[in-house]
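Okay, thanks for coming, everyone. Have a look at the model on the screen while I talk you through its backbone.

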Amino acid sequence: MVDEIQSSVIIEEEFLETVLVGLLSKGHVLLEDVPGTGKTLTANSFATALGLSFSRIQFTPDLLPNDVTGTYIYNEQEGEFEFNKGPIFANIVLADEINRAPPKTQAALLEAMGEGQVTTEGDTRQLPEPFFVIATQNPVEQEGTFPLPEAQIDRFNVKSSIGYPDVDGEVELLRRRNDRTSTTPSVGQVLDHDSVMNLQAVPDTVTVTEDMLEYIAAVSRATRDDHRVETGMSPRGTQRLYETARAQAVIEGRNYVTPDDVKTVSQPVIAHRLGLTAESQVNDVDKSEIVDEVLEEIPVPTIEAPA
């Protein structure tokens, strides 16, 4: 799947694997990037390669919860109200510029991400499975935005960014643009719905030893003790670290988790969950540096491959 996307989209394999970790761990992904780096194209390419339904929601300050979840429309022929599903009813949902939506609309998305369901007019409806949100926010423009509450940030298993391509990548981007007549590159389907569901079940079979459980807990707890951190990893965050480490092991082709799996996913899983003290914010403390230091301090257990 990664190879298929890279055949049409100029993007780093490491980034694609991070997004895939979010999907395998049955979570969601938050992308913070400047405009024009290919966030929408990447999300659409994932949906096509996976053979899943896709929808894009452009978040704006005037967006209402019903614009996301759906609303009732009166059917004159039947003489009754019928529910018209909103764009949230898709397997992969791109929530573009999510921080531009008002808190009430963000709350509707929070229920969808956390519970896999939406409630309208007192009626609860289940969302399709799998349900995977790729949300984006712009770090440059802050005017007219509503910062995501901690409860919603915590719903994202991983946070990452595409970043700018290197020189070779940007030249290849222009070369591909020069060689085609269509404006959007095409990605072929490599999986189907049932295959994705089976794939999401694989991490549940991955072995995590007692030593690894203690290591994951130690890493999580160390973030709470750092003097630069006001709020560290929550117990839910610890579970997400566990789930993503198992997903990373699957990507690496192993049926057991190693410390390297935890280290690989720590940055995208932990950094965005840390709340810095006022002093740290004034001093522009980098959350990624805190994560690196925590990983260096915690003793690494020795793991042997199970027989």
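Housekeeping before that. This is a predicted model, so local features need pLDDT of at least 70 and side-chain atom pairs count only at pLDDT 80 or more, while totals for chains, interfaces and linings use all residues. Residues are numbered from 1 along each chain as its sequence is written, and side-chain values use heavy atoms, with hydrogens and water left out. When I say helix or strand, I mean a DSSP run numbered from the N terminus: H or I with at least four residues for helices, E with at least two for strands.

In what order do the five strands of the open sheet sit? The order is β2-β5-β8-β1-β9, with parallel pairing. By pairing I mean that DSSP finds at least two bridges between two strands. At the edges you have β2, residues 54-58, and β9, residues 158-160, each of which pairs on one side only. From one strand to the next, the twist averages 15 degrees.

Let's walk across it. β5, residues 92-96, runs parallel to β8, residues 132-137, over four bridges, and Leu 94 has Ile 134 of β8 as its bridge partner. On we go to β1, residues 29-32, which is joined to β8 by four bridges, again parallel. There, Leu 30 is partnered with Ala 135 in β8. Then β1 also runs parallel to β9, this time with three bridges, and Val 29 stands opposite Val 158 in β9.

Now the hairpin. β6, residues 117-120, and β7, residues 123-126, are antiparallel, with four bridges. Thr 120 has Asp 123 in β7 as its bridge partner. Two residues lie between the strands, and Glu 121 in this hairpin has a positive phi near 55 degrees.

Which peptide bond is cis? The one from Glu 129 to Pro 130, with omega near -5 degrees. You'll find Pro 130 in the loop between β7 and β8.

Next, positive phi again. Glu 97 isn't a glycine, yet its phi is positive, about 50 degrees. Glu 97 belongs to the loop between β5 and α5, residues 103-115. Is Glu 97 buried, exposed or partly exposed? At 21% relative accessibility, Glu 97 counts as partly exposed. The cut-offs are under 20% relative accessible area for buried, over 50% for exposed, and partly exposed in between, with a 1.4 Å probe and protein chains only.

Compare that with Asp 284, another residue other than glycine with a positive phi, near 55 degrees. Asp 284 is in the loop between α12, residues 278-282, and α13, residues 287-297. Asp 284 is exposed, because its relative accessible area is 68%.

How do α10, residues 235-251, and α11, residues 259-270, pack? At an angle of about 130 degrees, with axes 9 Å apart. That makes α10 oblique to α11. α9, residues 210-225, packs on α11 at about 30 degrees, with axes 11 Å apart. So α9 is roughly parallel to α11. For the record, the axes are lines fitted to C-alpha atoms over the stretch in contact, and angles run from 0 to 180 degrees between N-to-C directions. Under 35 degrees is roughly parallel, over 145 roughly antiparallel, 65 to 115 roughly perpendicular, and the rest oblique.

Finally, Asp 226 sits in the loop between α9 and β10, residues 229-231. With 13% relative accessibility, Asp 226 counts as buried.
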